[in-house]
Amino acid sequence: MSLLQIKDLGKSYNSDSKVLQGLNFEVEAGEFLSVIGPSGAGKSTLLRCINRMVEIDEGKVVFDGQDVGALNKKELRKVRTTIGMIFQHYNLVPRLSVIENVLHGRFGYKTTIQGILGRFNEAEKEHAFFLLKKLGIEEHAYKRCDQLSGGQQQRVGIARSLIQEPKIVLCDEPIASLDPNASKVIMDHLKSITQELGITCIVNLHQVEIAKDYSDRIIGLNKGGIVFDGPSYRLHRSHTDLIYGTQSKATPEIRELIMV
Amino acid sequence: MNEKTMKASRKWQTLFFVVLIFGMTLASSAITEFNIFHGLATLPKAGAWIFSNLLITQESLERLPTILEKLLETILMSIAATTTGTAVAFFLSLMGSKTTGTSRALGVFARFVASVSRNIPVVAWALILLLSFGQNSMTGYLALFVGSVGFLTRAFIESIDEASQSAVEALRATGATYFQIVFKAVVPQCLPQMISWILFMIETNIRSATLVGILTGTGIGYAFDLYYKTLNYNAVALVTFSIIIAVIVIELMSNYIRKVII
Amino acid sequence: MEASTYIRRGANGRITIKMGSKSERVMTWTVTLLIALTIAAFYFFDYTGLDLSKAIPETFYNLKKMFLAPALSHFTWGQAFYQMGVTLGLAFLSTILGAAIAFFLALMAASNLSKAWISKTVRIAVAFIRAVPTVLWVLIFAIAAGLGSEAAVLGMLFHSIAYLVKAFSEAFEEVDQGIIEALRATGANWWHIVVHAVLPSTFTYLLSWTFLRFEINFSVAVAMGAAAGAGGIGFELFMASGFYFDLSEVGMITYMILVFAIVLEILSTKMKERYFPAAKLGN
């Protein structure tokens with residue numbers, strides 16, 4: 001059975017308009033999947049339905065054999081422990097040190113009291129340093145997060161998700177606030193997560209070219225529905241026109257420029 | 001509307017505003033029987049009186065130990081009211097904030113409690129509590145405590161809403177529990193702001209404590225009232241100066257702390 | 001996993017995760033000190049005549065009587081509103097006079113409009129005034145200038161001025177330096193700059209701060225009525241609780257104060273949201 005199954009997923013924030021409707025797809029373990037689409041297409045909502053950061057209105061999300069929508073609070077926390085998440089704005093605690101922010105990823109494995117007192121064992125701390133070293137920001141471990149550049153902060157975010165020992169990592173526009181160089185570093189790291197550690201990645205992206213370069217498979221969303229689902233080499237101009245609607249009259253090069 | 005009529009209506013608005021303020025000033029003067037010229041005329045006289053009567057003499061200095069003891073009582077009371085108020089206000093603000101609130105009903109409840117305790121003046125609380133608690137430190141402490149809870153809740157809600165939304169989302173996604181999120185994402189981010197408000201509240205409470213002390217017969221307010229009523233103006237001067245020095249020292253300390261932590 | 005050169009360890013050999021910055025240390029110290037002082041406070045409190053087992057139920061009984069059976073008995077509704085008018089009047093007068101005086105002092109205190117030594121002198125004077133509680137000013141003026149509303153207004157005026165000078169001068173200092181320089185370059189004198197550059201760009205701020213101070217002065221005026229005999233609704237509250245022991249009347253007066261205070265708070269919050277969302281509240 002595949003790692004993640006989405007069945008007839010639908011979501012609406014108010015009664016008149018649906019953000020997502022009738023989504024169906026499956027994701028295998030070890031896949032690198034990009035979700036592309038114009039802003040407002042429902043990419044963020046789709047990701048947040050997987051770990052139920054937003055409630056699921058219709059359909060089912062089955063992750064690792066469990067129906068996410070039917071879990072109680074405690075079970076949900078347990079499932080979230082195995083799902084990493086990376087955000088556009090990094091979502092770190094800016095005043096805390098890098099290493100503290102990384103260790104925040106361990107809370108799911110701790111009791112409330114252990115977490116509040118900040119009781120992490122030496123193995124966890126060493127693991128955190130190991131991850132920081134892998135991501136090339138070990139020397140910043142004791143700096144305040146808000147002193148780091150955007151790309152460095154996003155790497156802290158990646159370390160925080162990896163220390164959860166996740167089965168899947170959900171990335172919500174991870175490079176939308178970064179310059180091209182930092183974007184490349186981040187995408188390379190994400191790619192290596194899948195290739196070296198075998199962790200599934202779902203990445204929301206604006207940039208079609210980057211999605212094609214990095215992913216095994218691409219899902220194109222438009223107005224809450226899937227308009228393309230297939231291996232990235234099969235994605236062509238005709239599909240992107242469909243995904244981006246009339247906006248994509250502009251050539252891909254120009255769209256790249258707008259994004260950057 | 002073209003520019004000319006807009007300018008004209010602007011002019012009328014200003015005129016209306018000036019007349020309104022002027023009218024309200026006259027009405028206020030009438031109802032309170034306040035005469036601005038008389039008031040201003042007494043200023044030099046008052047100044048002269050202050051400079052000739054409010055002098056610290058050798059004799060009044062003998063009372064210094066008693067006064068300092070009362071002052072210490074007042075300062076400790078203000079600090080205790082603020083810190084215990086902080087503990088309550090912290091939980092109320094968690095309930096009342098949009099970021100950390102768990103239910104709508106609790107949020108409304110927290111805001112209601114805060115609003116009532118803040119908007120009933122400290123004097124009213126002091127008078128109400130005086131009836132059942134009698135003349136001792138507890139009365140003053142409780143009156144300041146209630147006011148602190150109200151004010152700090154409002155301030156903390158603002159700090160929490162402003163500072164911590166994104167990190168809360170991230171920790172929720174890692175499977176952290178509610179109190180882990182609160183103590184590891186919200187508190188570290190808001191703590192400097194909160195400490196700044198707490199220090200501000202202590203300063204305010206010391207001033208209010210003097211007032212409350214006059215009513216409840218405790219602390220430096222009581223000392224002031226006693227000397228004032230027995231016409232011992234030299235001691236009154238000493239009390240006033242000791243308050244000034246205490247408040248300024250505490251203000252300088254809090255300014256230093258604020259500068260370092262924010 | 002191999003050891004890293006970047007890992008820091010504490011005295012016990014465990015890996016530290018805190019930054020160890022000055023700001024962290026000062027916060028820890030501040031919190032520790034405050035907790036210690038709180039414990040000391042409860043230890044030193046004067047508990048004369050306090051019997052908690054009686055006081056707490058009695059307070060609840062009193063509160064119940066106050067808030068569930070409010071009534072006026074020693075004066076009429078007409079008098080009640082008149083006294084409320086007196087309190088509002090005291091608050092209004094001390095606010096409006098304070099704002100007028102504070103405006104000029106703030107011009108002197110703003111570092112971009114004034115000489116350094118003048119600005120410093122005004123700031124020190126203001127800090128000094130702020131340090132004396134309002135009630136002491138009122139009581140001192142009551143003997144120095146004779147009792148009556150003059151003493152109350154003058155006493156309240158002092159703090160209003162101190163508060164508004166601080167707020168106004170900060171607003172003045174945020175005026176774009178370029179505008180001031182441009183006017184200065186055209187040969188405008190100091191008053192021209194104030195009237196044509198500083199005042200138009202800060203007027204709404206000044207207005208909102210003044211209103212905020214009015215809200216504060218309302219509760220100060222209540223307090224002065226109760227503690228310094230300044231009249232108004234505060235004095236009635238003091239009489240009802242201290243002389244007649246009439247809880248229902250205390251309740252009714254408290255309700256009246258509460259309603260006015262909440263209305264003022266809502267108005268000033270609306271103003272604040274509109275003109276300066278990031279500003280601080282309070283006095």
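How many residues of chain A are in contact with chain B, and how many of chain B with chain A? The legends below start there, and they describe a predicted model.

**View 1. The contact between chain A and chain B.** Here 28 residues of chain A are in contact with 20 residues of chain B. Together the two chains bury an area of about 2100 Å² between them, and carbon and sulfur atoms give 58% of that area. For the model, the scores are ipTM 0.86 and pTM 0.86.

**View 2. A salt bridge between A:Arg48 and B:Glu169.** Have a look at these two side chains, which meet in a salt bridge at 2.7 Å, N to O. The count between chain A and chain B is one salt bridge. Polar contacts also cross this interface, in eleven residue pairs with both residues at pLDDT 80 or more.

**View 3. The side of chain A that touches chain B.** At least two residues each come from α2 (73–81), β6 (83–86) and α4 (112–117) of chain A. The largest share, four residues, is supplied by α4(A). By type, this side of chain A divides into eleven nonpolar, eleven polar and six charged residues.

**View 4. Confidence along chain C.** Chain C has an average pLDDT of 85, and 95% of the residues score at least 70. Confidence is highest in helix α1 (residues 22–44) of chain C, at 93, and lowest in helix α7 (residues 177–185) of chain C, at a mean of 83.

**View 5. Residues 277–283 of chain C.** Over this stretch pLDDT stays under 50, and the model has 23 contacts for these residues beyond four places in sequence. Where pLDDT is low, predicted coordinates should not be read in detail.

Note on methods: Residues numbered from 1 in each chain as written. Chains lettered and ligands numbered in written order. Heavy atoms only, no water. Contact = heavy atoms within 4.5 Å. Buried area = accessible area lost by both parts, 1.4 Å probe. Salt bridge = Lys/Arg side-chain N within 4 Å of Asp/Glu carboxyl O. Polar contact = N/O pair within 3.5 Å; in protein donor to acceptor, adjacent residues only side chain to side chain. Nonpolar A, V, L, I, M, F, W, Y, C, P; charged D, E, K, R; others polar. pLDDT = per-residue confidence, 0-100.
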